[in-house]
Amino acid sequence: MANIMNAAYLPGNSRVDLREAPIPEVGYGEVLLRMKASTICGSDIRCIYHEHLGKGPEGYQGYIAGHEPAGQIVRAGPGCRRFREGDRVVVYHISGCGLCNDCRRGYMISCTSAKYRRAYGWQRDGGMAEYLLAEEKDLIALPNGLSYADGAQVACGFGTAYEGIEKIGISGNHDVLITGLGPLGLAAAMLCRKLGARRIIGMDVVPERLAIAQQLALCDVVLPGGAENVTQILDLTSGYGVERAVDCSGNENARKTAVRATRKWGRIVFLGEGGRVELNPSPDIIHDQKAIYGSWVTSIWLMEELVERLVRWDLRPSRLITHRVPLENAGFAYDLMSSGRCGKVAVCFDEELSQPSP
Ligand SMILES: NC(=O)c1ccc[n+]([C@@H]2O[C@H](COP(=O)([O-])OP(=O)(O)OC[C@H]3O[C@@H](n4cnc5c(N)ncnc54)[C@H](O)[C@@H]3O)[C@@H](O)[C@H]2O)c1
Ligand SMILES: [Zn+2]
Ligand SMILES: [Zn+2]
C-alpha cells in the first residue's frame, strides 16, 4: 500500500483544498479504515465551509474534513478487543476521554475533557480522505443489511434525528411538524414514519427540498416557509396544532412556527443549530403546558441501537442521497450542499461510488 493519500480540507472561504497527506500508522487501540462513504452535514457548511465560525466543540482546527464516516478496517492496531481487519464500521464522530460523566453515559459529544475531546473532521482528521485513523472504542459495527452510505448517515444525521424524536416520543397519536427539510429534517421524517406518526407536515423555504420530501413520500403535506405557516397548520389540524414538532432549520421564524403551531401539552425539540429565537413564554409555552427540548447528537449506544432498528425496519438512509461524488470532486459536493438544492450529498469510494440509491 502506498503511504500517501488524498484528503480534503476546508480553508473557510467556500472552497475545498485537496492535498496529499500521509496514510496514518495505527497505534494501540486504533484502526485504519479504508473510507467508503463520507456524507456532508449542514453543520459543515454552517460552521466551517464558508467561514470558520465555530467555537469550542464546533471549532474547526484545520484537520481533514468530514464527520459522517463509514468504512472498512484494513489494519487493526495492537490492543484492539472487538474489531478486526475486514469489519465494516461506522465511526461515532466524537472521540471522548472515556472517563468523564458524559462519556460514561455514552455522550462523547458532551465530553468535558478539553484535552481529550476530539471530533472527527473538526479537531482530528475526518472522513474526507482515502483512509481514516479511528479509535476502536468509537466504532459501531455496520450490519450486512446496510451499505456504507447508509452507515455514514447514522453518524450525526440519523443519530441526531433519532435521539431528538426519542426525547419527545412519537406514536400513531401524533401529527408531527418538521421545520427545515435538509438531510436532518428528511431523516427525522423517515424515522417518524417508521414510528407510526399519523401525519407529517414538512416546511422549508427551498422548493427543491419540499420536492424531495414529496417525491420520497416522507411528508403528507409540505408548506413553503412564510408568515402564514401557523395559521395553515392550525387549519390542517382542526384548530388544535400538531402534537409534536421538530425544528431542523435553526431559523428564527421556523423555530417560532414549531413552538406556536404545537398544541397544548405538546412537545417540541430543537435540533437545528445557531441563530436565535425570541418567544413569549406565557402564551407560547407556559399557558399551553408545552415542553421544548434541546438535543445534541446522540450517545454511542443509541447509535448502535439505531443501526439494529434500521435493519429491522428495512429503512435505508441512503434513499436521501441525491448525489454521490468522488473525493476529487469534493469542491462540487460542498458547493451543492451549501446551495440547498439537493438531498444528502455523499463523497464515496470504491463500490459505493457506483451504487444507485435504493
Ligand atoms: N442538534 C444536533 O446535534 C445537530 C446535528 C446535526 C446538524 N445539526 C444542525 O441541524 C440543522 C440542519 O442540518 P442539515 O444537515 O439538515 O442541513 P441544512 O442546513 O441544509 O438544513 C436546514 C434546512 O432548513 C431550511 N430553512 C431555512 N430557513 C427556513 C425557514 N424559515 N423555514 C423553514 N425551513 C428553513 C433550509 O432551507 C434547509 O433546507 C443545521 O443547523 C445543523 O447545523 C444539529
Ligand atoms: Zn469525556
Ligand atoms: Zn453533523
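Student: Hi! Which residue in β11 does T179 stand opposite?

Tutor: In this predicted model, T179 stands opposite M203 of β11.

Student: And how many bridges join β10 to β11?

Tutor: Five bridges join them, and the two strands run parallel.

Student: Is β10 buried or exposed?

Tutor: Five of the five residues of β10 are buried, so the rest of the structure largely encloses this strand. Both faces are covered. D175, L177 and T179 sit on one side, V176 and I178 sit on the other, and all are buried.

Student: Nice. What's the strand order in the sheet?

Tutor: The order is β12-β11-β10-β13-β14-β15, six strands in an open sheet with parallel pairing. The edges are β12 (221-224) and β15 (291-294), each of which pairs on one side only.

Student: OK, and which strands does α7 lie across?

Tutor: Helix α7 (residues 252-260) lies across β10 (175-179), β11, β13 (242-247), β14 (262-270) and β15. Relative to β14, α7 runs at about 145°.

Student: Switching to the ligand. Which of the 33 residues around ligand 1 come nearest?

Tutor: G42, G180, G182, L184 and G225 come nearest.

Student: Which helices and strands supply at least two residues of that shell?

Tutor: Those are α1, α3, α4 (183-194), β11 and α7. By type, the shell around ligand 1 has 13 nonpolar, 16 polar and four charged residues.

Student: What separates the centres of the two domains, in Å?

Tutor: Taken over C-alpha atoms, the centres of domain 1 and domain 2 are separated by 27 Å.

Student: And how many residues are in contact across the two domains?

Tutor: 19 residues of domain 1 are in contact with 17 residues of domain 2. On the side of domain 1 that touches domain 2, α1 (42-49), α3 (148-168) and α9 (300-313) each supply at least two residues. The residues of that side divide into eight nonpolar, seven polar and four charged.

Student: I was also looking at E305. Where's its place?

Tutor: E305 is in helix α9. With 16 other C-beta atoms within 10 Å, E305 is partly exposed. E305 and I140 are 165 residues apart in sequence, yet 9.9 Å apart in space, C-alpha to C-alpha.

Student: Last one: P283. Where is it, and is it buried or exposed?

Tutor: P283 has its place in helix α8 (residues 281-286). P283 counts as exposed, because it has 10 C-beta neighbours inside 10 Å, and the exposed class covers 12 or fewer. From P283 to T262 there are 21 residues in sequence and 12 Å in space, C-alpha to C-alpha.

Methods. Residues are numbered from 1 along each chain as its sequence is written. Chains are lettered from A and ligands numbered from 1 in the order in which they are written. This is a predicted model: local features need pLDDT of at least 70, side-chain atom pairs count only at pLDDT 80 or more; totals for chains, interfaces and linings use all residues. Domain bounds come from an automatic or database domain assignment. Two residues are in contact if their C-beta atoms, placed from the backbone, lie within 7 Å. Helices (H or I, at least four residues) and strands (E, at least two) are DSSP runs, numbered from the N terminus. Ala, Val, Leu, Ile, Met, Phe, Trp, Tyr, Cys and Pro count as nonpolar, Asp, Glu, Lys and Arg as charged, and the others, Gly among them, as polar. Two strands pair if DSSP finds at least two bridges between them. Axes are lines fitted to C-alpha atoms, for helices over the stretch in contact, and angles run from 0 to 180 degrees between N-to-C directions. A residue is near a molecule or strand if its C-beta atom, placed from the backbone, lies within 6 Å of it. A residue is buried if 20 or more other C-beta atoms lie within 10 Å of its own, exposed if 12 or fewer, and partly exposed in between; C-beta atoms are placed from the backbone.
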